[in-house]
Amino acid sequence: EEREQRRRSPPALPAMASRGTARPNGNLPQTKICQFKLVLLGDMAVGKSSLVLRFVKGQFDEFQETTIGAAFLAQSVCLDDTTVKFEIWDTAGQERYHSLAPMYYRGAQAAIVVFDITKPETFERAKAWVKELQRQASPSIVIALAGNKADLADKRMVEYEEAQTYAEDTGLLFMETSAKTAMNVNELFLAIAKKMPKTDTQHPTHAARHRGVNLHDPDAQSSRGCCGN
(Lines give C-alpha, C1' and ligand atoms only; values in the text may rest on other atoms or scores of the structure.)
Protein backbone atom coordinates (compact mmCIF):
# COMPACT_ATOMS: atom_id res chain seq x y z
CA GLU A 1 0.00 0.00 0.00
CA GLU A 2 2.83 2.38 0.84
CA ARG A 3 4.47 1.63 -2.51
CA GLU A 4 1.18 2.31 -4.30
CA GLN A 5 0.84 5.64 -2.48
CA ARG A 6 4.33 6.70 -3.59
CA ARG A 7 3.47 5.76 -7.16
CA ARG A 8 0.41 8.01 -7.10
CA SER A 9 2.17 10.95 -5.48
CA PRO A 10 3.23 13.72 -7.86
CA PRO A 11 7.01 14.15 -8.28
CA ALA A 12 8.63 16.89 -6.21
CA LEU A 13 9.26 20.11 -8.06
CA PRO A 14 12.90 21.17 -8.53
CA ALA A 15 14.04 23.71 -5.96
CA MET A 16 14.38 26.61 -8.36
CA ALA A 17 10.79 26.24 -9.60
CA SER A 18 9.50 27.21 -6.18
CA ARG A 19 11.17 30.63 -6.13
CA GLY A 20 9.15 33.73 -6.90
CA THR A 21 5.40 33.80 -6.40
CA ALA A 22 4.33 30.18 -6.13
CA ARG A 23 0.82 29.17 -7.12
CA PRO A 24 -0.85 25.73 -6.96
CA ASN A 25 -0.96 24.10 -10.38
CA GLY A 26 -4.37 24.31 -11.96
CA ASN A 27 -5.74 27.18 -9.88
CA LEU A 28 -5.17 29.58 -12.76
CA PRO A 29 -5.54 27.60 -15.98
CA GLN A 30 -5.52 30.85 -17.95
CA THR A 31 -1.95 31.65 -16.88
CA LYS A 32 0.28 32.42 -19.85
CA ILE A 33 3.83 31.12 -20.12
CA CYS A 34 6.25 33.64 -21.63
CA GLN A 35 9.83 32.73 -22.46
CA PHE A 36 12.55 35.30 -23.03
CA LYS A 37 16.25 35.16 -23.75
CA LEU A 38 18.28 37.35 -21.39
CA VAL A 39 22.02 38.04 -21.58
CA LEU A 40 24.37 39.42 -18.93
CA LEU A 41 27.26 41.61 -20.05
CA GLY A 42 29.97 43.49 -18.22
CA ASP A 43 33.64 43.54 -17.29
CA MET A 44 35.20 40.54 -15.58
CA ALA A 45 34.80 40.20 -11.80
CA VAL A 46 31.85 42.62 -11.55
CA GLY A 47 29.63 39.81 -10.25
CA LYS A 48 27.57 38.71 -13.26
CA SER A 49 27.73 35.01 -12.39
CA SER A 50 27.05 35.77 -8.72
CA LEU A 51 23.91 37.72 -9.63
CA VAL A 52 22.62 34.82 -11.72
CA LEU A 53 23.46 32.26 -9.05
CA ARG A 54 21.68 34.34 -6.42
CA PHE A 55 18.60 34.74 -8.64
CA VAL A 56 18.38 31.13 -9.84
CA LYS A 57 19.50 29.20 -6.76
CA GLY A 58 19.41 31.73 -3.93
CA GLN A 59 23.10 31.10 -3.31
CA PHE A 60 26.28 33.15 -3.09
CA ASP A 61 29.83 31.84 -3.50
CA GLU A 62 32.59 34.14 -2.29
CA PHE A 63 35.01 32.35 -4.63
CA GLN A 64 32.91 32.12 -7.78
CA GLU A 65 34.87 30.59 -10.64
CA THR A 66 35.54 32.75 -13.71
CA THR A 67 33.08 32.09 -16.53
CA ILE A 68 34.67 30.63 -19.66
CA GLY A 69 32.81 31.72 -22.81
CA ALA A 70 29.27 31.70 -21.40
CA ALA A 71 27.08 29.78 -18.99
CA PHE A 72 23.37 29.00 -19.34
CA LEU A 73 20.76 28.95 -16.57
CA ALA A 74 16.98 29.32 -16.42
CA GLN A 75 14.54 30.75 -13.89
CA SER A 76 10.93 31.97 -13.80
CA VAL A 77 9.06 34.81 -12.13
CA CYS A 78 5.29 35.10 -11.75
CA LEU A 79 3.32 38.20 -12.69
CA ASP A 80 -0.44 38.18 -12.12
CA ASP A 81 -1.69 35.95 -14.97
CA THR A 82 1.72 35.36 -16.57
CA THR A 83 4.72 33.20 -15.79
CA VAL A 84 7.86 34.73 -17.28
CA LYS A 85 10.62 32.22 -17.97
CA PHE A 86 14.10 33.64 -18.48
CA GLU A 87 16.70 31.75 -20.50
CA ILE A 88 19.80 33.40 -19.06
CA TRP A 89 23.15 33.58 -20.83
CA ASP A 90 25.93 34.68 -18.48
CA THR A 91 28.85 35.81 -20.65
CA ALA A 92 32.54 35.96 -19.80
CA GLY A 93 33.96 39.42 -19.09
CA GLN A 94 37.48 38.86 -20.37
CA GLU A 95 38.41 40.87 -23.44
CA ARG A 96 39.44 37.74 -25.36
CA TYR A 97 35.81 36.57 -25.30
CA HIS A 98 34.36 39.87 -26.53
CA SER A 99 34.06 38.63 -30.11
CA LEU A 100 31.72 35.87 -28.90
CA ALA A 101 29.27 38.26 -27.25
CA PRO A 102 27.13 38.91 -30.37
CA MET A 103 26.27 35.20 -30.50
CA TYR A 104 24.56 35.60 -27.15
CA TYR A 105 22.90 39.02 -27.38
CA ARG A 106 21.55 38.53 -30.89
CA GLY A 107 17.95 37.47 -30.54
CA ALA A 108 17.93 38.39 -26.84
CA GLN A 109 14.84 40.24 -25.64
CA ALA A 110 16.57 41.52 -22.49
CA ALA A 111 20.06 42.34 -21.25
CA ILE A 112 21.58 43.20 -17.89
CA VAL A 113 24.77 45.23 -18.09
CA VAL A 114 26.67 44.96 -14.82
CA PHE A 115 29.33 47.17 -13.25
CA ASP A 116 31.09 47.26 -9.89
CA ILE A 117 30.31 50.42 -7.88
CA THR A 118 33.84 50.31 -6.42
CA LYS A 119 35.54 50.34 -9.83
CA PRO A 120 34.74 53.32 -12.10
CA GLU A 121 36.45 51.70 -15.09
CA THR A 122 33.78 48.98 -15.04
CA PHE A 123 31.10 51.68 -15.27
CA GLU A 124 32.78 53.08 -18.39
CA ARG A 125 32.94 49.57 -19.79
CA ALA A 126 29.24 49.14 -19.05
CA LYS A 127 28.50 52.27 -21.08
CA ALA A 128 30.40 50.75 -24.01
CA TRP A 129 28.32 47.57 -23.74
CA VAL A 130 25.11 49.62 -23.74
CA LYS A 131 26.22 51.44 -26.91
CA GLU A 132 27.03 48.12 -28.57
CA LEU A 133 23.64 46.67 -27.64
CA GLN A 134 21.78 49.73 -28.86
CA ARG A 135 23.70 49.57 -32.14
CA GLN A 136 23.68 45.82 -32.84
CA ALA A 137 21.07 44.04 -30.73
CA SER A 138 17.32 43.91 -31.34
CA PRO A 139 15.79 47.42 -31.46
CA SER A 140 13.18 46.34 -28.91
CA ILE A 141 15.63 44.86 -26.38
CA VAL A 142 15.02 45.79 -22.73
CA ILE A 143 18.32 46.87 -21.14
CA ALA A 144 18.89 47.04 -17.39
CA LEU A 145 21.96 48.53 -15.72
CA ALA A 146 23.05 46.90 -12.46
CA GLY A 147 25.47 48.64 -10.09
CA ASN A 148 26.63 45.54 -8.26
CA LYS A 149 28.52 45.07 -4.96
CA ALA A 150 26.32 47.59 -3.15
CA ASP A 151 27.37 45.86 0.08
CA LEU A 152 30.75 47.61 -0.41
CA ALA A 153 29.18 51.08 -0.27
CA ASP A 154 32.00 52.33 1.99
CA LYS A 155 34.38 51.75 -0.96
CA ARG A 156 32.05 53.31 -3.51
CA MET A 157 33.70 55.06 -6.49
CA VAL A 158 30.60 55.41 -8.71
CA GLU A 159 27.87 57.59 -7.19
CA TYR A 160 24.30 56.31 -7.35
CA GLU A 161 23.07 59.62 -8.81
CA GLU A 162 25.64 59.48 -11.62
CA ALA A 163 24.58 56.01 -12.71
CA GLN A 164 20.90 56.81 -12.31
CA THR A 165 21.19 59.95 -14.44
CA TYR A 166 23.05 58.00 -17.14
CA ALA A 167 20.37 55.28 -17.09
CA GLU A 168 17.54 57.81 -17.36
CA ASP A 169 19.25 59.63 -20.23
CA THR A 170 19.84 56.34 -22.05
CA GLY A 171 16.45 54.75 -21.41
CA LEU A 172 17.66 51.95 -19.14
CA LEU A 173 16.27 50.31 -16.05
CA PHE A 174 18.68 50.87 -13.16
CA MET A 175 19.19 49.31 -9.74
CA GLU A 176 22.09 48.92 -7.38
CA THR A 177 22.40 45.27 -6.39
CA SER A 178 24.35 42.97 -4.12
CA ALA A 179 24.67 39.33 -5.02
CA LYS A 180 26.21 38.78 -1.59
CA THR A 181 23.26 40.12 0.43
CA ALA A 182 20.60 39.49 -2.28
CA MET A 183 19.74 43.21 -2.30
CA ASN A 184 17.56 44.04 -5.32
CA VAL A 185 18.51 40.86 -7.21
CA ASN A 186 15.01 39.38 -7.53
CA GLU A 187 13.62 42.91 -7.84
CA LEU A 188 15.82 43.58 -10.87
CA PHE A 189 14.64 40.49 -12.75
CA LEU A 190 11.04 41.23 -11.74
CA ALA A 191 11.33 44.78 -13.11
CA ILE A 192 12.65 43.38 -16.39
CA ALA A 193 9.82 40.84 -16.54
CA LYS A 194 7.28 43.64 -16.15
CA LYS A 195 8.80 45.45 -19.14
CA MET A 196 8.62 42.46 -21.46
CA PRO A 197 5.81 42.16 -24.03
CA LYS A 198 3.13 39.71 -22.91
CA THR A 199 1.53 38.91 -26.26
CA ASP A 200 2.68 36.68 -29.07
CA THR A 201 1.15 36.04 -32.48
CA GLN A 202 3.47 33.08 -33.06
CA HIS A 203 2.34 29.52 -32.44
CA PRO A 204 4.12 28.23 -29.31
CA THR A 205 5.83 25.34 -31.11
CA HIS A 206 6.96 27.68 -33.87
CA ALA A 207 8.38 30.11 -31.33
CA ALA A 208 10.17 27.31 -29.51
CA ARG A 209 12.11 26.39 -32.62
CA HIS A 210 13.59 29.89 -32.74
CA ARG A 211 14.88 30.11 -29.18
CA GLY A 212 18.56 30.35 -28.36
CA VAL A 213 21.47 31.73 -30.39
CA ASN A 214 20.64 32.83 -33.92
CA LEU A 215 23.74 33.75 -35.90
CA HIS A 216 21.95 34.63 -39.10
CA ASP A 217 19.16 37.03 -38.22
CA PRO A 218 19.85 39.29 -35.20
CA ASP A 219 16.29 40.64 -35.22
CA ALA A 220 14.54 37.30 -35.64
CA GLN A 221 13.07 37.47 -32.14
CA SER A 222 12.51 41.19 -31.85
CA SER A 223 8.74 40.84 -32.26
CA ARG A 224 8.43 37.50 -30.50
CA GLY A 225 7.60 37.67 -26.83
CA CYS A 226 5.22 35.31 -25.18
CA CYS A 227 4.28 31.72 -25.71
CA GLY A 228 0.61 30.91 -25.22
CA ASN A 229 -0.88 28.67 -22.55
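A charge is said to sit over a ring if NZ of Lys or CZ of Arg is within 6 Å of the ring centre and within 35 degrees of the ring normal. The model is predicted: local features need pLDDT of at least 70, side-chain atom pairs count only at pLDDT 80 or more, and totals for chains, interfaces and linings use all residues. Residues are numbered from 1 along each chain as its sequence is written, and side-chain values use heavy atoms, without hydrogens and water.

**Exercise 1.** Determine which charged end sits over the ring of Tyr 166.

*Solution.* The charged end belongs to Lys 127, and lies 5.4 Å from the centre of the Tyr 166 ring.

**Exercise 2.** Classify the ring pairs of Phe 123 with Phe 115 and with Tyr 166.

*Solution.* Rings of Phe, Tyr and Trp (its six-membered ring) pair if their centres lie within 6.5 Å; planes under 30 degrees apart count as stacked, over 60 as edge-to-face and the rest as tilted.

1. For Phe 115 and Phe 123, the centres are 4.8 Å apart and the planes stand at 45°, so the pair is tilted.
2. For Phe 123 and Tyr 166, the centres are 5.8 Å apart and the planes stand at 85°, so the pair is edge-to-face.
3. Phe 123 is buried, at a relative accessible area of 1%.

Conventions
Buried means under 20% relative accessible area, exposed over 50%, partly exposed in between (1.4 Å probe, protein chains only).
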